[in-house]
Amino acid sequence: MVSALVLKNVHVSYHGKPAIQEIDLRVEQGNILGIIGPNGAGKSTLLKALLNLVPIDKGSIEILGSTLKENRKKIAYVPQRSEFDWDFPIHVLDTVLIGTYPNLGLFKRPKKKEKDWAYACLEQVGMEKFADRQIGELSGGQQQRVFLARALAQNADLFFLDEPFVGIDVSSEETIIHLLKELKDHGKTVVVIHHDLSKANDYFDQLLLLNKQVIHFGNPQEVLRPEIILKAYERELAFLHEVGVG
Ligand code: ADP
Ligand code: MG
């Protein structure tokens, strides 16, 4: 079986300033990978590089044994909630329908079949009762579930989620992690940027600790050791000392 992701010496910079460097990574299919690291560590940049939303300066990225271009439809992306304009006037069901577009073909409008499928995806995240609501009216957790439904509608093999648990309620978080584990059980690969170390052990099969470079990559027990975590959070700890907390 081909690997889900193979990155070799990947570098990305913004206006000449490096954001991520020397990223080497191999992720096999059927895993849930968590990416952790401090603010500004380049976590979102890494996902964007995988999606070709930012250009890489150097290195190579292989997705499902081939190029991103050939596999674009197989990747579902749930961006950070803060990157979405929540005033954008769109209904919940239409938001999910967008997920069916990659497989629909150019200029084809979604028909009953697609609408039924979008509705079924909403049911999976427990949001079918909200199908006719505006996305901006929903709570953070409900919005995140709708975005997951959109990703499900795409019928992807790879799922990328950027901080899906930020600012959401506990029951939405449980619904989402449960669904991600189901996707994994069906052989899908899930990559989740995560901010909270406490749950990382329960949620992920593998962890990537990032701070511009790969600090450590391995199973959670191996990565969640104080001496490893310290390597990535040195600056934050120095700050805590300065303000007299540490
Ligand atoms: P994280 O997701 O880990 O918080 P990001 O990938 O968002 O980190 O950012 C990594 C670094 O790149 C940060 O220093 C950030 O300020 C910078 N950066 C991110 N996006 C842009 C952008 N579009 N233009 C310029 N700099 C950016
Ligand atoms: Mg980010």
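**The ligand shell and a helix residue**

Mentor: This is a predicted model, and we begin with the shell, in which ligand 1 is surrounded by Tyr14, Ala19, Pro38, Asn39, Gly40, Ala41, Gly42, Lys43, Ser44 and Thr45. By residue class, that shell around ligand 1 divides into four nonpolar, five polar and one charged.

Trainee: Which helix gives the most to the shell around ligand 1?

Mentor: That is helix α1, residues 43-50, which contributes three residues to the shell.

Trainee: Which residues have polar atoms beside an oxygen atom of ligand 1?

Mentor: A polar contact is a pair of N or O atoms within 3.5 Å. Here a polar backbone atom of Gly40 is 2.8 Å from an oxygen atom of ligand 1, while an N or O atom in the side chain of Lys43 also lies 2.8 Å from an oxygen atom of the ligand. For Ser44, a polar side-chain atom is 2.9 Å from an oxygen atom of ligand 1. As for cover, ligand 1 taken alone exposes 560 Å², and the protein buries 60% of that.

Trainee: Turning to Ile177, is this residue buried or exposed?

Mentor: A residue is called buried when its relative accessible area is under 20%. Ile177, found in helix α6 (residues 170-185), has a relative accessible area of 9% and is therefore buried.

Trainee: Which residues is Ile177 in contact with, leaving aside its neighbours within four places in sequence?

Mentor: With those neighbours set aside, Ile177 is in contact with Phe165 and Tyr203. Phe165 is twelve residues from Ile177 along the chain, and their C-alpha atoms are separated by 9.3 Å.

Technical notes
Residues numbered from 1 in each chain as written. Chains lettered and ligands numbered in written order. Predicted model: local features only at pLDDT ≥ 70, side-chain atom pairs only at ≥ 80, totals over all residues. Heavy atoms only, no water. Near = heavy atom within 4 Å. Polar contact = N/O pair within 3.5 Å; in protein donor to acceptor, adjacent residues only side chain to side chain. Areas by Shrake-Rupley, 256 points an atom, 1.4 Å probe, with all protein chains shown as cover. Helix = DSSP H or I, 4+ residues; strand = E, 2+ residues; numbered from the N terminus. Nonpolar A, V, L, I, M, F, W, Y, C, P; charged D, E, K, R; others polar. Buried < 20%, exposed > 50% of the residue type's maximum accessible area, 1.4 Å probe, protein only. Contact = heavy atoms within 4.5 Å.
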